[in-house]
Amino acid sequence: MQDIAPQDYRDAMACLGAAVSIVTTDGGAGRAGFSASAICSVTDDPPTLLVCINRASSAYAGVTGNKVVCVNVLSARHEPLSRLFGGKVPADERFAAAAWSTLETGAPVLADGAAAFDCRIASVVNVGTHDVLFCRVVALQRSGCLDNLIYFGRAYHTVGVTTRAEAGSDLAHGRS
Ligand SMILES: NC(=O)c1ccc[n+]([C@@H]2O[C@H](COP(=O)([O-])OP(=O)(O)OC[C@H]3O[C@@H](n4cnc5c(N)ncnc54)[C@H](O)[C@@H]3O)[C@@H](O)[C@H]2O)c1
Ligand SMILES: Cc1cc2c(cc1C)N(C[C@H](O)[C@H](O)[C@H](O)COP(=O)(O)O)c1[nH]c(=O)[nH]c(=O)c1N2
């Protein structure tokens, strides 16, 4: 087995593009949120996704105490917001920069996000510095979903379509 230095791993992982979301929580353990790219769908029956959170994150206590999160998928226009939620900024200042609502759990839902997955944490696996949160989706919100903010090569990029017509009816009806 190779002896892989963390920096070599990160350099390689920087080549894996990923959609950027803001993961939020609220409840008795307080309101918190952080930018996240280590997110993916697990299964659609029951609807479940996973989020990897660094236990050193300022949001960790809130997320694990409230046991609810909302995954707010970002569009291109949210790059400044992702930078704010990317660390070293007080939580109130992060949330003051956008409009939020709630769905089922009380976790903040970004008013104009590409999509929002309101979740209850169903199980947690500790792996090294992170917890892998398996989250049961209990409510959804979706906008026109015309573009996504992508993180690749240590920089933000955009992928998407420019018009709803270009998106086609498949996207509008969720067909792949
Ligand atoms: N999964 C994560 O925790 C994660 C993902 C992306 C970025 N980040 C953080 O965002 C900041 C900017 O990252 P960057 O991409 O500009 O440069 P970077 O060199 O710190 O990270 C390069 C890539 O390595 C991975 N990575 C970095 N730190 C990680 C960690 N602690 N755990 C798991 N994967 C990790 C990510 O995929 C990241 O895009 C850094 O502080 C980084 O730690 C963390
Ligand atoms: C594009 C991008 C993507 C991610 C992150 C950052 C950025 C810029 N960060 C790190 C996270 O947002 C934040 O930096 C940490 O929470 C540390 O900052 P605070 O403790 O909140 O100040 C991050 N953290 C984490 O625990 N899981 C993740 O998937 C990601 N993904």
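Predicted model: local features only at pLDDT ≥ 70, side-chain atom pairs only at ≥ 80, totals over all residues.

Let me begin with ligand 1. Which residues are around ligand 1? They are Arg10, Met13, Ala14, Ser37, Ala38, Asn54, His130, Tyr151 and Arg154. Sorted by class, this shell holds four nonpolar, three polar and two charged residues.

Several side chains in this shell make polar contacts with ligand 1. For Tyr151, a polar side-chain atom is found 2.7 Å from an oxygen atom of ligand 1. His130 places a polar side-chain atom 2.8 Å from an oxygen atom of the ligand. For Arg154, the corresponding distance from a polar side-chain atom to an oxygen atom of ligand 1 is 2.9 Å. Ligand 1 exposes 630 Å² when taken alone, and the protein buries 56% of that. As for its location, the space taken by ligand 1 is the largest pocket.

I turn now to ligand 2. Where does ligand 2 sit? It, too, is placed in the largest pocket. How many residues surround ligand 2? There are 18, and the closest are Ser35, Asn54, Ser58, Gly86 and Lys88. By class, the shell comprises eight nonpolar, eight polar and two charged residues. Two strands, β3 (32-36) and β5 (47-54), each contribute at least two residues to this shell.

The polar contacts of ligand 2 involve both backbone and side-chain atoms. On the backbone side, a polar atom of Asn54 is 2.7 Å from an oxygen atom of ligand 2, and a backbone N or O atom of Ala38 is 2.9 Å from an oxygen atom of that ligand. From a side chain, Arg94 brings a polar atom to 3.0 Å from an oxygen atom of ligand 2. On its own, ligand 2 has 630 Å² of accessible area, of which the protein covers 80%.

Let us move on to the aromatic rings. How many aromatic pairs are counted here? The count comes to four. One pair is formed by Phe85 and Phe95, with ring centres 5.2 Å apart. Why is this pair edge-to-face? Its planes stand at 85 degrees, and planes over 60 degrees apart count as edge-to-face, so the pair falls in that class. Phe85 lies in the loop between α3 (79-84) and α4 (91-96), whereas Phe95 is in helix α4. The two are 10 residues apart, and the pair links distant parts of the chain.

Finally, two details of the backbone deserve attention. The peptide bond from Asp45 to Pro46 is cis, with omega near 0 degrees. Pro46 belongs to the loop between β4 (39-44) and β5. The second detail is Lys67, which is not a glycine and yet has a positive phi of about 60 degrees. Lys67 is located in the loop between α2 (60-66) and β6 (68-73).

Thank you for your attention.

Technical notes. Residues numbered from 1 in each chain as written. Chains lettered and ligands numbered in written order. Heavy atoms only, no water. Near = heavy atom within 4 Å. Polar contact = N/O pair within 3.5 Å; in protein donor to acceptor, adjacent residues only side chain to side chain. Areas by Shrake-Rupley, 256 points an atom, 1.4 Å probe, with all protein chains shown as cover. 1 Å grid on protein atoms, 1.4 Å probe; cavity = no way out; pocket = protein on both sides within 12 Å on 5 of 7 lines; lining within 4 Å. Sits in = over half its atoms within 2 Å of the grid points. Nonpolar A, V, L, I, M, F, W, Y, C, P; charged D, E, K, R; others polar. Phe/Tyr/Trp six-rings, centres within 6.5 Å; stacked < 30°, edge-to-face > 60°. Helix = DSSP H or I, 4+ residues; strand = E, 2+ residues; numbered from the N terminus.
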